[in-house]
Each structure stands twice: as C-alpha cells, then as structure tokens.
Amino acid sequence: MEKPEPKPTTNGDNKKNRIFKWILIAGFSIFFIFVLYYFIMISLAARKWISDFNKNYKTALLQSDSSSLQFITDSTFRTLHQQIAFTKARLDLTKANPLGLSIDLSDSSAKLIIHGVTVHSSKIRQVKIARSLLAVEPYYLSLELSKPLKVKTEVSSIPKEPIQIITAPKDTIEAAQISAIPDTTTTCSTFYKIIFENNLTLFVFQKPKTNKLFDLQWISFLYKARAPQVKANIVSILKFKIPEYSPEILIGLPEWEAKTIYRALPKEGLVALRLY
C-alpha cells in the first residue's frame, strides 16, 4: 500500500510560523526587560532608604547633639553604643504588658521577658539580614534600635489563639474515630511575618535540625506573605515611581520555640532587637 505523500508547506504556513516565533521572542524579551527593570527599581529603593535613613539621623543629631558625630567612626564607640542601646530597649520591655520579646542576633538568642525576668529562651539556628541594614551607619542604627519596636501587623501560617471544637462522642466507636483525627493546631508548620511600626519586617520560620533542600510550605508562605508588597511595587514601577522599601530580617527557630514565641507575643507587642 502506497504511503500518502505529505502535503507541501505553503508560503502562508511559513509566514504564520515566523510570525508566531517572533511573537514568542518579543513576549520573552518584554518579560525579561520588565523583570530586569523591576530589580533595578527595587535596588534603587533600597539605596534611597539607606540614604534617607542616614540623612534623617544626621540632620537630627546636628540640631541636638552634634558633638557625638565626631565619634561615630570609632569602632569602640560604636560597639559600646550598640550595647547601651540594646540595654535601654531591654529596660523599656519592662513596661510591656504582659510580656515582651528580646532578640539578640549577636549571640543568636530569642527571649520572652516579663517585667525584666526571662521566662523562655530559644537558640536561633539561622539568620539572614538585609544588606541595607548592614549598609547604614551603625551608630544611627543603634539609635533606631535603642527603643523597643512595636508590632504593627502580622501574618502567620498558624492561628494566634488555636481553638479546636470537639463534639462529645455518642459511643466508644465515635470516640475512637475522633481520637484518630490529627490535631492541625500542633502539626502545622510555623511561619510568620511581623511588620513593625518603623516598617522593619521580621520573618520567623521553623528550622529543623536537618537541612532540607526545598521546603515547599515555607516557599508557599513567603509567596503569600510577600505578594501584597510585590503587587504594590509593580503598581509604583508602572507609574515610574521608586517603590516603598522595607528591610527584612529572617530568623530560624526550632519548631516548638517558634510557635511558643508567636503565641505568647501580644498582637501589638514590643520587641527589643540587636543585629550585631
């Protein structure tokens, strides 16, 4: 049986294929250019935030205490002032009701404090600090952190106050079925995002002892938590405006420690923070 001869391609088909190919190339090029433009604008936003942060504190010091400016380049003075600033913030935590949170990244510790007494301490397993926070003048940063940071908003993968409704079983069979249902308030992975009133952002995630190559739950939470900011950034960029910038700090805690700290910290709680 003879095979049917393939239909010869016409000039019209070749033209459609070329047009489709050029549309794909143009689409990928536009997407690549926009992504590049997005990251350039975010980089400019970070630089603007650093410049404004240093400028505002320098202007304030020139008007109030210009004598301290001559010491800010001295490393010993910087270190001493950072210790004093953190101590002042810790002392102000005694006014927190009912408790406050102290985070010292220099010794990798997070502590819940009630009236100056540590009631719970946790070891921080992983830290990532935004480069913008490391780029500002350390003395100005210590002034910013010399008072506790107040929580403005928070987003979490777990409820702040877990409520589990259990219907009384009618018999032993139904009781056995209820006991077999997993308690999601204790098994759900713990991730949360805290935005302070000065727009500093803190991400806390549970850090297991063994490292995972990919944690899909953590990636999913980051996507949802950052989506509103990314959307706002895109709107600003399309208007050819530099977007608002918020420096981020990420810390990893043991699973139960992360959950304990989140549920103990009040909704508008106070946090004393030391970066280095």
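**Exercise 1.** In what order do the nine strands of the open sheet stand, and with what pairing?

*Solution.* The model is a predicted one. Step one: read across the sheet, which gives β3-β2-β1-β9-β5-β6-β7-β8-β4, with mixed pairing. Step two: look at the ends of this order. β3 (117–123) and β4 (126–129) each have a single partner strand, so one side of each lacks a neighbour in the sheet.

**Exercise 2.** Determine the sense in which β1 and β9 pair.

*Solution.* Strands of a sheet pair either parallel or antiparallel, through backbone hydrogen bonds. Here β1 (residues 100–104) and β9 (residues 270–274) are parallel, over four bridges. Within this pair, S102 is opposite A272 of β9.

**Exercise 3.** Find which residues of helix α8 are buried and how they are arranged about its axis.

*Solution.* Step one: in α8 (residues 255–264), the buried residues include A258, K259, I261 and Y262. Step two: viewed down the axis of α8, the buried residues fall within an arc of 165 degrees, so they line one face of the helix. Step three: place the helix against the sheet. α8 lies across β1, β2 (109–114), β3, β5, β6, β7 and β8, and runs at about 140 degrees to β3.

**Exercise 4.** Classify A258 as buried or exposed, and list its contacts beyond four places in sequence.

*Solution.* Relative accessibility is 0% for A258, and the cut-off for buried is under 20%, so A258 is buried. Apart from neighbours within four places in sequence, A258 contacts T190, Y192, V204 and L253.

How values were computed. Residues are numbered from 1 along each chain as its sequence is written. This is a predicted model: local features need pLDDT of at least 70, side-chain atom pairs count only at pLDDT 80 or more; totals for chains, interfaces and linings use all residues. Side-chain values use heavy atoms; hydrogens and water are left out. Buried means under 20% relative accessible area, exposed over 50%, partly exposed in between (1.4 Å probe, protein chains only). Helices (H or I, at least four residues) and strands (E, at least two) are DSSP runs, numbered from the N terminus. The arc is that of the directions from the helix axis to the C-beta atoms. Contact means heavy atoms within 4.5 Å. Two strands pair if DSSP finds at least two bridges between them. Axes are lines fitted to C-alpha atoms, for helices over the stretch in contact, and angles run from 0 to 180 degrees between N-to-C directions.
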